[in-house]
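Subject: Structure handover

Hello,

Here is the structure we talked about. Please have a look, then read my notes below.

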Amino acid sequence: MHDDYLQRIVSKTDGELLEMLLDKAADYRPEALEAARREVERRGLPLERPAPADAAPQRLIACPACGGTRFQESGASAERAADGMFARVLTCTACGRTGWFVAAPAAP
Ligand SMILES: [Zn+2]
């Protein structure tokens, strides 16, 4: 569906992704920002910005189908020890899509 669009995002450089998320977020649509967050996380980049005082901590995982950020965990998971990344089977609560989601481990 948005393959070309998402492909442009994943082809951005690290700096472009961070700039997009940190400095130019207002210029992009929410789904583009979600895709960029996913890509930043996939690359293991530090995403730093001052958190609004009233903002809840947010996972950098979004559903590839609908962009939803709420999931139910199925319990299955796998860890790749080499880079500390892990994958979990999650079910999107918005659209019901189930799949493997790869995420960086929580920051210490
Ligand atoms: Zn979804």
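Leu-17, Met-20 and Leu-21 are the buried residues of H2. Buried means 20 or more other C-beta atoms, placed from the backbone, within 10 Å of the residue's own. These three cover an arc of only 90° around the axis, so they sit on the same side of H2. The arc is taken from the directions from the helix axis to the C-beta atoms. H3 is included in what covers them.

This is a predicted model: local features need pLDDT of at least 70, side-chain atom pairs count only at pLDDT 80 or more, and totals for chains, interfaces and linings use all residues. Residues are numbered from 1 along each chain as its sequence is written.

Now the helix pair. The axes of H2 (residues 14-22) and H3 (residues 30-43) come within 10 Å and cross at roughly 135°. Axes are lines fitted to C-alpha atoms over the stretch in contact, and angles run from 0 to 180 degrees between N-to-C directions. H2 and H3 are therefore oblique to each other. Oblique is what remains after under 35 degrees (roughly parallel), over 145 (roughly antiparallel) and 65 to 115 (roughly perpendicular).

H2 contributes Asp-14, Leu-17, Leu-18, Met-20 and Leu-21 to the contact. From H3 come Leu-33, Ala-36, Arg-37, Glu-39, Val-40 and Arg-43. Contact means C-beta atoms, placed from the backbone, within 7 Å.

Overall, the protein has three helices and three strands. Both are DSSP runs, numbered from the N terminus: helices are H or I, at least four residues, and strands are E, at least two. Their order along the sequence is α-α-α-β-β-β.

Best wishes

Methods: Two residues are in contact if their C-beta atoms, placed from the backbone, lie within 7 Å. A residue is buried if 20 or more other C-beta atoms lie within 10 Å of its own, exposed if 12 or fewer, and partly exposed in between; C-beta atoms are placed from the backbone.
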